[in-house]
Amino acid sequence: MPLYLMPLIPFVGFLILITFGGRVFKGSSGGWIGSLAVLGAFVVAASNYMGLDKAIHEQYFTWLPYLDEGKDLKVGFYLDQVSSLMTLVITGVGFLIHVFSIGYMQDDPRYTRFFAFLNFFVALMLILVLGDSYPLMFVGWEGVGTASFLLIGFWYNKRDYANAARKAFIMNRIGDLGFMLAMFLLYKNFGTLVIPDLAEKVEGLSAVLPALELVGLFLLLGAAGKSGQIPLTTWLPDAMAGPTPVSALIHAATMVTAGVYLIARSYFLYEKAPVAHEWVAWVGALTALYGALSAINQYDIKKILAYSTVSQIGYMILAVGVGAYWAGMFHLVMHAFFKALLFLTAGSVIHGCHHEQDVRQMGGLAKKMPLTHAVGVVGWLSIAGIPIFSGFFSKDAILTSAFEHNVWMYGIGLFVALLTAFYMTRWYVLVFRGEYRGHAHPHESGPIMTFPLIALAALSTLGGFLGLPHIFQLGENRLAGYLGKVLPAEHSTLSESTEWTLIAVAVGTAALGIIIGFTLYRQKRIEKLGSFENASLQALYVNSLYDSIFGAPARGLARGLDAMDRGVEGGLEATARVSTEPGGWLTHLQSGYVRAYASLMLVGTAALLVYLAVRVLGGLQ
């Protein structure tokens with residue numbers, strides 16, 4: 001099937017829903033139309049995936065045909081193993097999130113508009129991953145930024161939500177500047193921005209261009225903006241302000257993975273830019289640590305998961321930074337499964353608890369919401385890195401690659417694994433164990449919401465078998481082999497005993513994190529973590545730091561400009577008033593009475609005669 005059908009189908013869904021809206025589509029019909037549009041895109045993605053032996057490159061028309069010396073930009077889509085995997089994740093997981101939304105959003109007055117925005121989001125994300133050139137990727141890149149602004153601020157009448165949408169939009173623009181500068185540099189040096197052509201030129205270089213290091217750093221800035229990495233990380237936790245299905249879509253299947261995809265797609269540049277490549281790895285490692293430290297003492301059921309996303313995306317950036325591209329993409333896919341599951345589980349809990357989001361007001365939901373509890377356990381164990389769940393395999397692949405590259409990065413990654421197991425255990429026990437502490441009447445969600453949960457739980461359980469380590473000898477690593485057709489293959493030099501040791505250490509670390517979590521829970525100390533409690537709650541004060549450095553001076557400048565503006569405006573108003581005041585007085589003469597005008601004419605005539613008489617008499621003297 002033609003590649004353009006993939007983004008076209010959800011985009012048509014968007015046009016239909018936004019044009020006719022709730023006036024035509026009554027009840028849940030708008031939700032079903034939106035969901036079927038994404039399902040249609042998934043069918044196209046799956047059909048292309050199954051027949052994909054070599055890359056498909058479709059070019060449709062020329063963009064900017066009059067650019068000098070034939071350096072034109074053609075618009076086309078490019079499907080290889082990397083982009084094909086992304087299309088399956090976006091449409092497959094996106095479809096399940098759409099179905100969940102049918103039940104979750106059923107009482108919202110702008111129900112149809114919500115699905116229109118979801119379809120718009122999916123269509124633009126597909127353009128991003130299918131674009132054969134950086135400018136076309138950038139169209140999708142900006143499009144998902146706009147879509148996220150609409151969805152995060154969907155309940156814009158709540159000030160916090162509107163502010164979160166603005167924050168995401170503004171911080172992403174900073175990253176976009178890096179993306180644009182990278183494109184300018186690439187075009188100046190190579191005369192093309194079509195990715196396959198660019199890859200061919202760069203790989204054919206006989207000497208390393210210093211400009212490529214700069215390109216790599218600019219692309220890293222773009223990736224940091226879109227994927228919430230240091231230093232542009234603070235928007236991502238706030239992005240959970242929108243409806244929960246939006247959080248699942250942004251955090252799991254679409255927008256935040258775009259940065260990882262950008263770096264993996266640009267591997268040929270980073271292979272020629274070792275310094276920038278190393279920066280990528282360190283940014284990923286430090287962001288993973290920052291996200292995990294910030295997550296351990298949050299109280300909002302979604303915010304814990306949001307900081308977890310920051311941390312897990314950091315793992316992916318770490319992987320592509322150390323050259324383990326397949327491991328980064330592996331964790332991206334597994335994360336899409338278990339993080340979408342966790343967010344939708346949180347959505348089911350919030351729905352069942354009548355929109356309560358504070359975990360201190362929950363507890364004991366294992367009995368009241370058994371199915372939500374069961375899938376929540378799968379998500380918890382998967383992200384914690386417990387075998388046989390998917391997160392274990394992908395995280396182990398990253399830690400092993402990090403160990404080979406730099407032992408310090410491995411140490412950070414291992415410590416993050418310990419923290420992840422701990423804070424997700426805290427999330428689990430505060431929500432599902434013990435006695436119910438809230439005031440609502442929790443109830444299980446309906447089938448339309450539980451079906452996606454079950455499907456995602458199955459994927460989170462079995463998905464990891466796509467990337468089995470070779471030392472397991474249970475079959476080939478299908479995902480590494482599949483992605484190895486387009487991404488550089490890893491050649492491990494570790495012995496089997498070392499690999500087994502690393503696996504044992506990773507599993508032991510995850511188990512230790514869970515044990516610490518349960519121990520503190522039994523001692524009733526899990527809600528407060530001593531002196532670190534407030535630092536974690538405030539996300540290590542990064543928001544406060546940014547507010548002091550940028551926000552406070554900007555507000556001071558704005559207040560000064562406002563005072564100056566008011567002063568200038570006041571002066572002009574006073575001048576205008578002085579100028580017009582005499583005119584106001586004269587308006588009293590315009591009474592509209594003929595007798596008044598006749599009297600004035602007589603007075604004027606008399607005054608004129610007196611004047612002339614005085615002049616004449618004066619002349620005689």
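The legends below accompany an overall view and several close-up views of a predicted model. Residues are numbered from 1 along each chain as its sequence is written, and side-chain values use heavy atoms, with hydrogens and water left out. Local features need pLDDT of at least 70 and side-chain atom pairs count only at pLDDT 80 or more, while totals for chains, interfaces and linings use all residues.

**Figure 1. Overall view of the protein.** The protein has 25 helices and 2 strands; these are DSSP runs numbered from the N terminus, helices being H or I of at least four residues and strands E of at least two. Its C-alpha trace spans about 130 × 70 × 50 Å along the principal axes. Of the 621 residues, 56% are buried (buried means under 20% relative accessible area, exposed over 50%, and partly exposed in between, with a 1.4 Å probe and protein chains only).

**Figure 2. Helix H11, a mostly covered helix.**

**Figure 3. A surface patch of negative charge.** Asp197, Glu200, Glu203 and Glu271 gather in this patch. A patch is made of residues with over 30% relative accessible area and no salt bridge, where like charges are joined within 9 Å and nonpolar side chains (Val, Leu, Ile, Met, Phe, Trp, Tyr) within 5 Å. A salt bridge is a side-chain nitrogen of Lys or Arg within 4 Å of a carboxyl oxygen of Asp or Glu. Asp197 belongs to helix H7 (residues 195–203) and is partly exposed, at a relative accessible area of 36%.

**Figure 4. Aromatic pairs.** The whole structure contains 27 aromatic pairs (rings of Phe, Tyr and Trp, the last by its six-membered ring, pair if their centres lie within 6.5 Å; planes under 30 degrees apart count as stacked, over 60 as edge-to-face and the rest as tilted). The ring centres of Tyr4 and Tyr60 are 5.9 Å apart and the planes stand at 80 degrees, so this pair is edge-to-face. Tyr4 lies in the segment before helix H1 (5–24) and Tyr60 in strand S1 (residues 56–63), so the pair ties together parts that are 56 residues apart in sequence. Tyr4 is partly exposed at 39% relative accessibility, and Tyr60 is partly exposed at 33%. Tyr267 and Phe268 also form an edge-to-face pair, with ring centres 5.8 Å apart and planes at 85 degrees. Tyr267 is buried at 17% relative accessible area, as is Phe268 at 3%. Elsewhere, ring pairs link Tyr111, Phe114, Phe115, Phe117 and Phe154 into a cluster.

**Figure 5. Two cis peptide bonds.** The bond from Ile230 to Pro231 is cis, with omega near 5 degrees. Pro231 is located in the loop between helix H8 (210–227) and helix H9 (235–238). Pro387 and Ile388 are likewise joined by a cis peptide bond, with omega about 10 degrees. Ile388 sits in the loop between helix H17 (370–384) and helix H18 (390–405).

**Figure 6. Residues other than glycine with positive phi.** His355 has phi near 70 degrees and is found in the loop between helix H15 (325–352) and helix H16 (365–368). His355 is exposed, with a relative accessible area of 61%. Leu540, with phi of about 60 degrees, occupies the loop between helix H23 (533–537) and helix H24 (542–587). Leu540 counts as partly exposed at 29% relative accessibility.

Key: Areas by Shrake-Rupley, 256 points an atom, 1.4 Å probe, with all protein chains shown as cover. Lys, Arg positive; Asp, Glu negative; His and termini not counted. Charge placed at Lys NZ, Arg CZ, Asp CG, Glu CD.
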